[in-house]
Every structure is written in C-alpha cells, then in structure tokens.
Amino acid sequence: MSFILFTLSSAFTVSLAGLAFNRSHLLLALLCLEGMMLSLFIALSSWPLQLETTMCMTTPMLLLAFAACEAGAGLALLVATARTHGTDQMQNLNLLQC
C-alpha cells in the first residue's frame, strides 16, 4: 500500500469515525461529512494520475459538484435548526415534532 493511499484511507476512516462517535452537534456531523467528501475527491483526483489515463477525469468534478450541493443543503438545515430550536445539538432535535 502506498503512502498516499494509506493517508487518504486514514483520513476517510477518521472522518467516518468522527461521524459515528461525535453526534452531539449538527455542525460536527457536517464537518465530518465534508472531510469524507474531501478525501474521496483527492483520491479520485489522484487515481487517473497514477494510472496515467484521462478516462476518469470528469468523475472528481462531478463529486465536487455533489459535495457543494450537499454543503449548501447542510448549512441551510443548520440555519433553520438554529432558528427554530435555538441550538444545533442533536439531542434537542425531535423528528416527530416539527
């Protein structure tokens, strides 16, 4: 396993562990999701360079577009939650009560 692959795998794993274990605030969950998307973007960007091909060059741009949409939707939910509930703590959110 190369050093770059190990680094990207560990960054993804740390972000996934942070998402699984630190579910106290909505902002922490959104930051962990962004870390996962960033590690996937860097991995997909470096993959065609290692293979010396140009066949998969559009895939990172598509992932980056989806990540931007996900970040925008997450921040909109964060603002709406902070306005209605006054905080972004996950324990105060109740899905049955809108």
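Let me start with His-85, which is found in helix H3, the helix covering residues 58-85, and let me say at once that everything I describe comes from a predicted model. With a relative accessible area of 39%, His-85 counts as partly exposed, and, if we leave aside its neighbours within four places in sequence, His-85 is in contact with Asn-92 and Leu-93.

The protein chain has three helices and zero strands, and from the N terminus on its elements run α-α-α. The radius of gyration is 17 Å, whereas the globule rule gives 13 Å for 98 residues, and because the value is well over the rule, the chain is more spread out than a compact globule.

How much of the chain is buried? Buried residues make up 19% of the 98 residues.

Turning to helix H1, which runs over residues 3-21, we find Phe-6 within it. Phe-6 is partly exposed, at a relative accessible area of 48%, and together with Phe-3 and Ile-4 it forms a nonpolar patch on the surface, the three residues having about 370 Å² of accessible area together. Leu-19 also has its place in helix H1, and at 23% relative accessibility Leu-19 counts as partly exposed. Not counting residues up to four places away in sequence, Leu-19 touches Ala-29, Cys-32, Leu-33 and Met-36. Leu-44, by contrast, lies 25 residues from Leu-19 along the chain, and the C-alpha atoms of the two are separated by 21 Å.

That brings me to helix H2, residues 26-51, where Ser-46 has its place. Is Ser-46 buried or exposed? Ser-46 has a relative accessible area of 18%, and because buried means under 20%, Ser-46 is buried. The side chain of Ser-46 reaches the backbone oxygen of Ala-43 at 3.2 Å.

Phe-41 is in helix H2 as well, and Phe-41 is partly exposed, with a relative accessible area of 21%. Which residues is Phe-41 in contact with, leaving aside its neighbours within four places in sequence? They are Pro-60, Leu-63 and Leu-64. In the case of Phe-41 and Ala-67, which are 26 residues apart in sequence, the C-alpha to C-alpha distance is 9.2 Å.

Leu-19 and Leu-44, 25 residues apart along the chain, have C-alpha atoms separated by 21 Å, while Phe-41 and Ala-67, 26 residues apart in sequence, are 9.2 Å apart in space.

Note on methods
Residues numbered from 1 in each chain as written. Predicted model: local features only at pLDDT ≥ 70, side-chain atom pairs only at ≥ 80, totals over all residues. Heavy atoms only, no water. Patch = residues over 30% accessible without salt bridge, like charges linked within 9 Å, V, L, I, M, F, W, Y side chains within 5 Å. Areas by Shrake-Rupley, 256 points an atom, 1.4 Å probe, with all protein chains shown as cover. Salt bridge = Lys/Arg side-chain N within 4 Å of Asp/Glu carboxyl O. Helix = DSSP H or I, 4+ residues; strand = E, 2+ residues; numbered from the N terminus. Buried < 20%, exposed > 50% of the residue type's maximum accessible area, 1.4 Å probe, protein only. Rg over C-alpha atoms; globule rule 2.2 N^0.38 Å. Polar contact = N/O pair within 3.5 Å; in protein donor to acceptor, adjacent residues only side chain to side chain. Contact = heavy atoms within 4.5 Å.
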